[in-house]
Amino acid sequence: MSEKDVQKSAGTDGAAKVADASAKTGGGSKKTIIIAVVLVVVAAIGAFLAMNSDQMTSPVKKVGSIDQEAIYGLEAFTKADKELQTLYESKQKEFEKQAKSKAGKGGADAELQNLSRKLQLEMNQKRNELMNPLQTRAEAAVASVARSKGLTVVLDKRIVIYGVEDITEEVKKVFEQEGELKLPDTVDASNCPVAYFDQTVVRSLRVFTEAEMRLYTERSAMMREYEKRVQKLSASEKEALQREMSARFEALQEQIMTPLYQKVTNSVNEVSKAQGISLVLDKQNVMYGGRNITDAVVETFLNSVAGTNQAAATPAEGTQAAPAASPAAESKK
């Protein structure tokens with residue numbers, strides 16, 4: 001259950017529009033970033049393959065691709081999706097019933113937020129229960145076909161225009177065959193010039209969750225401000241106020257998140273140069289093979305954040321600074 005669900009169920013429709021506009025603004029920025037990244041990645045892969053097609057020797061020369069949407073469209077996945085959708089609808093009804101009964105009561109917002117988190121946790125647990133085994137089987141199918149064809153790296157077809165073998169149909173057949181399907185032993189990829197890192201791991205670090213919590217708090221404050229100011233406004237003035245607050249939230253989001261994103265990019269560049277890597281992709285675009293540099297990126301990123309914080313918080317004369325947490329400790333939080 002999202003914050004927007006809370007606001008709609010509680011009856012604060014105008015505030016929900018502000019939250020929705022702010023969310024759309026953030027979502028639009030993310031989509032723009034994703035599209036830009038995909039275009040850059042496509043160009044980079046094309047250049048990488050062109051430059052290395054005559055120079056690369058086995059195993060790096062063997063690159064394949066797979067259509068993820070075709071795999072996730074298989075009956076096993078669609079059946080799991082339907083079950084999750086049914087569960088979501090029941091949780092949504094439960095939330096709306098509680099929201100209606102608590103509307104206008106003291107402490108309702110806090111109770112609804114706690115309920116939203118509880119229901120979301122239950123949804124996540126069910127999603128993991130249903131989808132993780134299917135995801136593991138799909139990964140095993142990709143690895144099995146890749147091994148049989150001597151492929152070193154398999155990429156998401158969406159970021160490949162031309163030049164690599166499509167193994168989607170073979171993977172579908174292996175996935176749907178009877179019996180248990182296990183992941184083969186890991187292949188040594190320490191010398192592979194293609195690498196990946198898991199952005200979800202980076203985004204789960206405390207520095208990001210604290211930044212997102214700050215944005216959540218600021219957006220909630222904007223919604224309360226909207227409720228106070230909107231009472232005597234005309235329809236056109238309400239729309240103008242919504243645009244104003246959406247712009248304010250977008251500017252704040254840019255101010256808080258952009259420096260962090262830039263540090264992640266710089267960390268990837270630093271690790272890549274140090275390890276002699278030619279191409280780095282997000283983990284979701286690498287279906288098989290490649291070198292995992294997530295830990296190195298996390299460590300480099302945390303060091304850069306710690307350095308920035310230390311420079312910005314130099315203790316005054318006569319005071320003693322608290323010791324900084326190690327990257328390893330930070331990544332576990």
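Lysine 126 has a relative accessible area of 23% and is partly exposed. The model is predicted. In it, lysine 126 forms a salt bridge with glutamate 83, with the closest N and O atoms 3.6 Å apart. This pair links distant parts of the chain: glutamate 83 sits in helix H4 (residues 75-102) and lysine 126 in helix H5, 43 residues apart. Glutamate 83 is also partly exposed, at 36% relative accessibility.

**Helix H5**

Helix H5 covers residues 108-149, 42 residues in total. Its first and last C-alpha atoms are 59 Å apart, close to the 62 Å expected at 1.5 Å a residue. The helix has a kink of about 35° at methionine 131, shortly before proline 133. After H5 comes glycine 150, with a positive phi near 70°.

**Salt bridges**

The whole structure holds 15 salt bridges. Three of them are listed here.

| Pair | N to O distance | Location |
|---|---|---|
| Glutamate 83 – lysine 126 | 3.6 Å | H4 and H5, 43 residues apart |
| Glutamate 169 – lysine 172 | 3.6 Å | H6 (residues 168-176), three residues apart |
| Arginine 229 – glutamate 244 | 3.7 Å | H8 and H9, 15 residues apart |

In H6, the spacing of glutamate 169 and lysine 172 is about one turn of the helix. Glutamate 169 is partly exposed, with a relative accessible area of 47%.

Arginine 229 in helix H8 and glutamate 244 in helix H9 link distant parts of the chain. Arginine 229 is partly exposed at 38% relative accessibility, and glutamate 244 is partly exposed at 35%. Salt bridges with shared partners join Glu225, Arg229, Glu244 and Arg248 into one network.

In soluble globular proteins, nonpolar side chains tend to be buried together. Here the largest nonpolar core has 28 residues, and Phe208 and Phe301 have the most contacts inside it. Two or more residues each come from E4, H8 (206-229), H9 (235-275) and H10 (294-312). H9 gives the largest share, ten residues. Beyond its neighbours within four places in sequence, phenylalanine 208 contacts Val202, Arg203, Met257, Leu260, Tyr261, Val264 and Phe301. A second, separate core has 25 residues, including Ile66, Ile71, Ala141 and Leu151.

**The sheet**

Three strands form an open sheet in the order E5-E4-E7, with parallel pairing. E5 (279-282) and E7 (291-292) are at the edges with a single partner strand each, so one side of each has no neighbour in the sheet. E4 (residues 194-197) pairs with E7 over two bridges. Tyrosine 196 stands opposite asparagine 292 in E7.

Conventions. Residues numbered from 1 in each chain as written. Predicted model: local features only at pLDDT ≥ 70, side-chain atom pairs only at ≥ 80, totals over all residues. Heavy atoms only, no water. Helix = DSSP H or I, 4+ residues; strand = E, 2+ residues; numbered from the N terminus. Expected span 1.5 Å × (residues − 1). Bend = angle between axes of the 7 residues up to and from the residue. Pairing = 2+ DSSP bridges. Core = buried A, V, L, I, M, F, W, Y, C linked by side-chain atoms within 4.5 Å. Buried < 20%, exposed > 50% of the residue type's maximum accessible area, 1.4 Å probe, protein only. Contact = heavy atoms within 4.5 Å. Salt bridge = Lys/Arg side-chain N within 4 Å of Asp/Glu carboxyl O.
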